[in-house]
Amino acid sequence: MSAPLPSLPVTFRPARTRAVLYAAGTAQLAALTAIALALPALTGGERLSFIGTGLLILAVLLLLARPKVVARQEGITVVNLTTKRELAWAQVLRVNLRQGDPWVHLDLADGTSLPAMGIQPGIARDQAIRDARALRELAENHGTGDRTAG
């Protein structure tokens, strides 16, 4: 028996991965700022470069935490690292998360495949599998999804 479909809208994102990235970025910024302030021999510019490096690292980690997939009544929004794409349900033929895949891939009606990095099995494999199944069920119920997808 399959789980009930989530109510729309629903957002899928790798929560544990995001928490780790946020924590690592904040800790890195705090450490570099503390070093910049603790070393008495540094000039003002050198202190700023330490803090600037911490901010740059934080920005990159926040970018890595950006991916999500939002399912709405009208369709799906896929937000990856630097791109955002809106899809109607009918455009999504299949939702795939195969063994070894770093994230879900959507097979689209135009013959292309779109990575959906918001569902990734990295450090929360079971949650990613549940999310992929839920998205697959939503695609099958709202669009032209293929029930044979693996």
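Contact here means that heavy atoms lie within 4.5 Å of each other. This is a predicted model, in which local features need pLDDT of at least 70 and side-chain atom pairs count only at pLDDT 80 or more, while totals for chains, interfaces and linings use all residues. Residues are numbered from 1 along each chain as its sequence is written, and side-chain values use heavy atoms, with hydrogens and water left out. Helices (H or I, at least four residues) and strands (E, at least two) are DSSP runs numbered from the N terminus, and two strands pair if DSSP finds at least two bridges between them.

**Thr17 in helix H1**
- Thr17 belongs to helix H1, which covers residues 15–38, and, leaving aside its neighbours within four places in sequence, Thr17 is in contact with Gln120 and Ile123.
- Because its relative accessible area is 18%, Thr17 counts as buried (buried means under 20%, exposed over 50%, and partly exposed in between, with a 1.4 Å probe and protein chains only).

**Strands E1, E2 and E3**
- Strand E1 (residues 10–12) runs antiparallel to strand E2 (residues 68–71), and three bridges join them; within this pairing, Val10 stands opposite Ala71 of E2.
- E2 also pairs in the antiparallel sense with strand E3 (residues 75–79), over four bridges, and the bridge partner of Lys68 in E3 is Val79.
- The link from E2 to E3 is a hairpin of three residues.

- Three strands form an open sheet in the order E5-E6-E7, with antiparallel pairing.
- Strands E5 (92–96) and E7 (113–116) stand at the edges with a single partner strand each, so one side of each has no neighbour in the sheet.
- From one strand to the next, the twist averages 25°.
- Strand E6 (residues 104–108) is joined to E7 by four bridges, and Val104 stands opposite Ala116 in E7.
- Helix H3 (residues 125–142) lies across E5 and E6 and runs at about 165° to E5, where axes are lines fitted to C-alpha atoms, for helices over the stretch in contact, and angles run from 0 to 180 degrees between N-to-C directions.

- Leu56, Val60 and Leu64 make a nonpolar surface patch of about 270 Å², with accessible areas taken from the Shrake-Rupley method with a 1.4 Å probe, and for residues only the protein chains shown count as cover.
- Leu56 has its place in helix H2 (residues 44–64), and Leu56 counts as exposed because its relative accessibility is 57%.

How values were computed:
Patch = residues over 30% accessible without salt bridge, like charges linked within 9 Å, V, L, I, M, F, W, Y side chains within 5 Å. Salt bridge = Lys/Arg side-chain N within 4 Å of Asp/Glu carboxyl O.
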